Amino acid sequence: MADATGNSHNSISSELAGSDLSNLYGSIDRINVHGLNLTVPEDAQAVIKPWDEREDTSKSAESGVDDQVIIHVPFTQNVRVKSVLLKLGRGEETPRRLRIYANHTNIVDFNEAEEVTPQLNINLLEGEVAVTEYPMRSAVFANIHSLSLFFCDSVGGNSLRIFYIGFRGDSRNQRKDATQKLEIPAANAADASLVDRVSERSRGSQQPTAR
């Protein structure tokens, strides 16, 4: 798997059937997704697709004057992002590098992006035809309200294409629900006496107990 350095040999490719419960599509503020240097600006939103449309190639985003594109993705709530999922152009339109900036809503041009240190710098795999997953293990991605994805360095050097961008992780609400499911209801009087007896027995035996 990929680490925070984003080495390509650590990236993993996955083809998963059925629904993806960890997909963050529902937490993306899709109407406010926007891109820089696209032939059609609205195509930045077109590549943010539901999980079941991830392999669809009828919609894509193509770079304009060169092989650099920034896609800014805001979320409707703070999320923890565990991986980015990509389906990219083939052949000469394949970007080879992705820089990810966390919570940088003010990146407005490529010169500024070059001056800002990204939270993750990924060497993208070439020749992949299915959706490829790149893990994002850094603690930086634990409380995210927006991500800026800077694609560049295409194989042909002239333009690049993106078919699908997705993310896996969980939202604050999902984490809260999971925590609530783990909570143990308050014991009633009968249960309390049983707990007390077990605790007393444990102290008397002086044996470590599983917690």
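Q: Which residues line the second largest cavity?
A: This model is predicted. The second largest cavity has a volume of about 40 Å³. Strand E2 (34-36) and E4 each give two or more residues to its lining. The lining residues are His34, Leu36, Ile70, His72, Ile107 and Ser148.

Q: How many charged residues does the lining of the second largest cavity have?
A: Sort the lining by class. Three residues are nonpolar and three are polar. The number of charged residues is therefore none, since Asp, Glu, Lys and Arg are the residues that count as charged.

Q: Which residue of E4 is the bridge partner of Leu36?
A: Leu36 is part of the lining of the second largest cavity. E2 and E4 run antiparallel, and three bridges join them. In E4, the partner of Leu36 is Ile70.

Q: What is the volume of the largest cavity?
A: The structure holds two cavities of 30 Å³ or more. The largest cavity has about 70 Å³.

Q: Which elements give two or more residues to the lining of the largest cavity?
A: The lining includes Leu86, Leu88, Thr132 and Tyr134. Leu86 and Leu88 fall in the range 69-88, and Thr132 and Tyr134 fall in 132-135. The elements are strand E4 (69-88) and strand E7 (132-135).

Q: What is the bridge partner of Leu86 in E7?
A: E4 and E7 pair in the antiparallel sense, over four bridges. Both Leu86 and its partner line the largest cavity. That partner in E7 is Thr132.

Q: How many bridges pair E4 with E9?
A: E4 pairs with strand E8 (residues 144-154) over seven bridges, in the antiparallel sense. Val73 and Leu147 are bridge partners there. E4 and E9 also pair in the antiparallel sense. Arg80 stands opposite Asp170 in E9. The count for E4 and E9 is nine bridges.

Q: Is Ser171 buried or exposed?
A: Ser171 lies in strand E9 (residues 161-171). Beyond four places away in sequence, Ser171 touches Leu24, Ser27, Gln77, Asn78 and Val79. Its relative accessible area is 4%. That is under the 20% cut-off, so Ser171 is buried.

Note on methods:
Residues numbered from 1 in each chain as written. Predicted model: local features only at pLDDT ≥ 70, side-chain atom pairs only at ≥ 80, totals over all residues. Heavy atoms only, no water. 1 Å grid on protein atoms, 1.4 Å probe; cavity = no way out; pocket = protein on both sides within 12 Å on 5 of 7 lines; lining within 4 Å. Points joined across faces, edges and corners; volume = space filled by probe spheres on them. Buried < 20%, exposed > 50% of the residue type's maximum accessible area, 1.4 Å probe, protein only. Contact = heavy atoms within 4.5 Å. Pairing = 2+ DSSP bridges.
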